[in-house]
Amino acid sequence: MSSKRIIFMGPPGGGKGTQAQLLESKYGLKQLSTGDMLRAAVSAGTELGKQAKAIMDEGKLVSDEIMVGMIAERITQDDCAGGIILDGFPRTVPQAEALDAMLAEKSMQLDAVIELRVEDSILFDRIKTRAAQAGEGNVRADDNEETLRKRLEVYHAQTAPILPYYEKKGLLHVIDGSQAIDTVTAELESIVGS
Ligand code: AMP
């Protein structure tokens with residue numbers, strides 16, 4: 001089987017991480033979440049982690065240079081040989097262009113870009129449910145309404161403009177991410193499994 005390279009796009013809280021984890025085992029793809037990598041750096045207390053924490057807590061984006069370097073180093077590791085799902089990268093047009101360049105250099109191709117489309121109002125409803133379920137003290141520092149508002153502004157201004165970029169390349173698939181988790185998974189499988 002040829003290894004697949006897939007990008008998950010969509011707003012914060014839109015279900016990318018959940019769906020990527022579900023597909024990871026089924027298709028032997030490695031989920032690469034730049035958010036998880038940054039949170040690991042924050043927990044480990046590295047220099048990068050210290051710089052990234054303040055930016056993440058504010059809902060802003062870490063620099064393209066850092067993120068591109070992080071992914072370039074990661075996608076050549078052995079556990080990515082069976083294919084990858086990029087979750088949270090690219091997040092800006094310069095990141096998308098840099099990804100194209102690095103894949104071309106390694107003679108790798110992208111198979112699909114899948115947008116999990118969810119309206120802002122639904123994301124606010126979801127964050128309220130999550131906060132209520134987690135209870136005080138157990139919520140991620142960037143998982144609150146105020147930060148979601150900022151993260152969505154950043155998403156619409158800097159990340160959504162990547163979608164036409166991939167649409168022109170004929171790679172974009174759109175899924176209604178407001179549907180039940182199982183329905184979204186089934187639609188994803190029909191794209192990833194084809
Ligand atoms: P996520 O878990 O993907 O929602 O990412 C959490 C936070 O990490 C984001 O709000 C950004 O501050 C930062 N981050 C993750 N991925 C990227 C990226 N590709 N470019 C810039 N910042 C990122």
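In the predicted model, the side chains of glutamate 115 and arginine 117 are joined by a polar contact of 3.0 Å. Glutamate 115 is placed in strand E4, which covers residues 112-117. With a relative accessible area of 5%, glutamate 115 is buried, because a residue is counted as buried under 20%.

The ligand was examined next. It is surrounded by 15 residues, and the closest are Thr34, Arg39, Lys60, Gly88 and Arg151. Helix H2, residues 34-44, supplies four residues to the shell around the ligand, the largest share. For arginine 39, a polar side-chain atom lies 2.9 Å from an oxygen atom of the ligand. Glycine 88 takes part through its backbone, where a polar atom is 2.9 Å from a nitrogen atom of the ligand. Glutamine 95 takes part through its side chain, an N or O atom of which is 3.0 Å from a nitrogen atom of the ligand. The ligand exposes 470 Å² when taken alone, and 95% of that area is buried by the protein. The space that the ligand takes is the largest pocket.

Two features of the backbone were noted. The peptide bond that joins phenylalanine 89 and proline 90 is cis, with omega at about 0°. Proline 90 is placed in the loop between strand E3 (83-87) and helix H5 (93-105). Most residues other than glycine have a negative phi, and most peptide bonds are trans. Serine 107 lies in the loop between H5 and E4. The relative accessibility of serine 107 is 69%, so this residue counts as exposed, the cut-off being over 50%.

The model holds one aromatic pair. The pair is formed by tyrosine 165 and tyrosine 166, with 5.1 Å from centre to centre and 75° between the planes. The arrangement is edge-to-face, because an angle over 60 degrees between the planes is counted in that way. Tyrosine 165 and tyrosine 166 are both buried.

Glycine 82 is found in the loop between helix H4 (64-74) and E3. At 32% relative accessibility, glycine 82 counts as partly exposed. Glycine 82 and arginine 5 are 77 residues apart along the chain, and their C-alpha atoms are separated by 9.0 Å. Glutamate 145 is found in helix H7, which covers residues 145-159. The relative accessible area of glutamate 145 is 34%, so this residue is partly exposed. A distance of 9.6 Å separates the C-alpha atoms of glutamate 145 and aspartate 125, which are 20 residues apart along the chain.

Note on methods: Residues are numbered from 1 along each chain as its sequence is written. This is a predicted model: local features need pLDDT of at least 70, side-chain atom pairs count only at pLDDT 80 or more; totals for chains, interfaces and linings use all residues. Side-chain values use heavy atoms; hydrogens and water are left out. Rings of Phe, Tyr and Trp (its six-membered ring) pair if their centres lie within 6.5 Å; planes under 30 degrees apart count as stacked, over 60 as edge-to-face and the rest as tilted. Buried means under 20% relative accessible area, exposed over 50%, partly exposed in between (1.4 Å probe, protein chains only). A residue is near a molecule or strand if one of its heavy atoms lies within 4 Å of it. A polar contact is a pair of N or O atoms within 3.5 Å; within protein, one must be able to donate a hydrogen and the other to accept it, and residues adjacent in sequence count only if both atoms are side-chain atoms. Accessible areas come from the Shrake-Rupley method with a 1.4 Å probe; for residues, only the protein chains shown count as cover. On a 1 Å grid over the protein atoms alone, a cavity is a set of points where a 1.4 Å probe fits but cannot get out, and a pocket is an open set with protein on both sides within 12 Å along at least five of seven lines; lining residues have an atom within 4 Å of a point. A molecule sits in a cavity or pocket if more than half of its atoms lie within 2 Å of its grid points. Helices (H or I, at least four residues) and strands (E, at least two) are DSSP runs, numbered from the N terminus.
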